[in-house]
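Here is a short tour for a first look. Keep the structure open and follow each part in turn.

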Amino acid sequence: MFYSRMLIPTLKENPAEAEAVSHRLLLRAGMIRKLASGIYNYLPLGLRVLRKVERVVREEMNRAGAQEVLLPAVQPAELWEESGRWQIYGKELLRFQDRHGRDCCFGPTHEEVITDLVRREVHSYRQLPLNLYQIQMKFRDEIRPRFGLIRGREFLMKDGYSFHVDEADAEACYQAMYDAYNRIFQRCGLRFKVVEADSGPIGGSFSHEFMVLADTGEDLLASCLACDYAANLEKAEVVPAAANPGPAAAAAAPEAVATPNVRTVEEVAAFLNVTPREIVKTLIYETEKEPVAVLIRGDHEVNEVKVKKLLGVMDLTLAGAGRVRELTGAEVGFAGPVGLNLPIYADQAVAALAAAVTGANKTDHHLVRVNPQRDINITQVADLRTVTAQDPCPHCGGCTKILRGIEVGHIFKLGIKYSQALKATFLDEAGQEQFIFMGCYGIGVSRIMAAAIEQGHDDQGMIFPMALAPFQVALIPISLNDAATREKALSLHAAMEEAGLEVLFDDRDERPGVKFKDCDLLGIPLRVVVGPKTLAAGNAEVRQRRTGETIMAPLEELLPYLQDRIRQEMNEKAEI
């Protein structure tokens, strides 16, 4: 492929709109261009990378026994109403009407559509198990699209769904997909962690996320340094706090203390000369069912995903100042749980306190010496906080490390959630009608492209893994006006292409420095430079993008050397 014939509109300056490294470099390298907020055009080099990710995904899904289908992007509202998600999915679901006034949506995911297809075509246990997948553009109307392809509104996704006669068969498929996903991300040359995760709006009993490790990742995960335990921070378990030493440790009754205009944990701690861990925060939430109070220790943060799961609600919103005043009788910052006429859910660390400081439900006042077990009418105690690096591993007690990552894959055990809602059944061996057990398996294909750059880059540009690079080799001739150099470079280019190498021939009338900079920006793994001097010595200069290592390869050995390097890098597994 000749550089001069390709659309590669590189930029010298960093685009002002781009915050994330991948967004900046993809724009600079001419791989994507913005059409609208969170919506991008993929230019030739960007599409080459995207297709390479697709190929790896497709090969491993087929290898695992899945079959590819293609489902409609536009979905009728009736299916979503059957599943119950039309009302609860949220504003990310792009809803519209067709010319006949029928409600539709642009698919953010396809559980309803695939379940409808299977319920129409599968009737007997003899037709199961079945594993179907597609690679298709999705749309989720994110309120704040950001970081380019990492959090866009339109994105390319592989979503797969499996159907089974029972939970045991579904479990076996889940493990097969777990293994396939590991192979996919290994082949893509990515450093990643598999973490336990919350199932979110997709639903189901259990799930795992596949997180590419990157300092710029927007997701946080807790990882044990001593064992294999890892979990998304939304899901990570907290080891129960030490048992409550009992009321005797706080025999005195609570006492109201004036704390004029002292609202935050830090202000209260300083004013009363206590530590944040001795303070209880009372958070008032609105839900679709009723308002509730959630109690968290002052040095901890509430985990709203855990709270939603405990309450069995989809919507959880902090109450506004007026609502807090109405429910507690106090301004924000002075709400407290003692005597509060609301369902009260306490984190286990709060329940373990013997004497705590809380709001007094009276503006400019707090209570001291509150014993949660004695003085608060707690509805339920549960793990409701976000894990920290100071928390021990819940599996082995080892040290926990908080890492940053980018979610690129998510697999779910759905059970019968959708088959029951949409009445997808089969007849078992006894002729009895049973609901189909399901699994769901997603991969962010376009997000992998961005994640690979977040993980692999330097000041000069991208450093693509060999499996994902737009080209494997960049061939850069020096002094193209020299007939002998041009002839030899064209001959090498033809030989490389004939041998099956993916090579970009930089035939532009540009200075060598410009060509070298563009080659580094594009992240091409191997750079081959030929010129009058190297050719006179019978050599070509070969430089590895990742390490910067440069060697002089004899021309007769160049092709085997490149083939060997490509094979090695394609088989390398990134170190975690």
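## Helix H2 against helix H5

This model is predicted. Start with helix H2, residues 44–63, and helix H5, residues 167–187. Their axes lie 9 Å apart, and the packing angle is about 150°. Angles over 145 degrees count as roughly antiparallel, so H2 is roughly antiparallel to H5. The crossing of H2 past H5 is right-handed.

Which residues meet? From H2 come Val56, Val57, Glu59, Glu60, Met61 and Arg63. From H5 come Met177, Ala180, Tyr181, Arg183, Ile184 and Arg187. By class, the contact of H2 with H5 has seven nonpolar and five charged residues, and no polar ones.

## Helix H2 against helix H12

H2 also packs with helix H12, residues 445–455. Their axes come within 9 Å and cross at roughly 110°. Angles of 65 to 115 degrees count as roughly perpendicular, and H2 and H12 are therefore roughly perpendicular to each other. This crossing, too, is right-handed.

H2 brings Gly46, Val49, Leu50, Val53 and Glu54 to the contact. H12 brings Val445, Ser446, Ile448 and Met449. The contact of H2 with H12 divides into six nonpolar, two polar and one charged residues.

## Burial of H12

Is H12 mostly covered or mostly open? H12 is mostly covered, with eleven of its eleven residues buried. Among the buried residues are the charged Arg447 and Glu454. Val445, Ser446, Ile448 and Met449, which touch H2, are buried as well.

## Methionine 31

Methionine 31 sits in the loop between H1 and strand E1, which covers 32–36. Its relative accessibility is 0%, so methionine 31 counts as buried.

What does methionine 31 touch, leaving aside neighbours within four places in sequence? Its contacts include Leu26, Asn41, Tyr42, Leu43, Leu45 and Gly46. Met449, Met462, Phe464, Pro470 and Leu522 are in contact with methionine 31 too. Of these, Gly46 belongs to the H2 side of the contact with H12, and Met449 to the H12 side. Methionine 31 and valine 445 are 414 residues apart along the chain, and their C-alpha atoms are separated by 15 Å.

## Aromatic pairs

How many aromatic pairs does the structure hold? There are eight. One of them joins phenylalanine 2 and phenylalanine 505. Their ring centres are 5.3 Å apart and their planes stand at 45°, so the pair is tilted. The pair links distant parts of the chain, 503 residues apart. Phenylalanine 2 is in the segment before helix H1 (21–28), and phenylalanine 505 is in strand E28, residues 503–505. Phenylalanine 2 and phenylalanine 505 are both buried.

Another pair is made by tyrosine 181 and phenylalanine 210. Here the ring centres are 5.2 Å apart and the planes stand at 50°, so this pair is tilted. Tyrosine 181 lies in helix H5 and phenylalanine 210 in strand E10, residues 206–213, so the pair ties together parts 29 residues apart in sequence. Tyrosine 181 is buried, with a relative accessible area of 0%. Phenylalanine 210 counts as buried at 0% relative accessibility.

Key. Residues numbered from 1 in each chain as written. Predicted model: local features only at pLDDT ≥ 70, side-chain atom pairs only at ≥ 80, totals over all residues. Heavy atoms only, no water. Axes fitted to C-alpha atoms, helices over the stretch in contact; angles between N-to-C directions. Helix = DSSP H or I, 4+ residues; strand = E, 2+ residues; numbered from the N terminus. Parallel < 35°, antiparallel > 145°, perpendicular 65-115°, else oblique. Left-handed = near helix turned anticlockwise from the far one by under 90°. Contact = heavy atoms within 4.5 Å. Phe/Tyr/Trp six-rings, centres within 6.5 Å; stacked < 30°, edge-to-face > 60°. Buried < 20%, exposed > 50% of the residue type's maximum accessible area, 1.4 Å probe, protein only.
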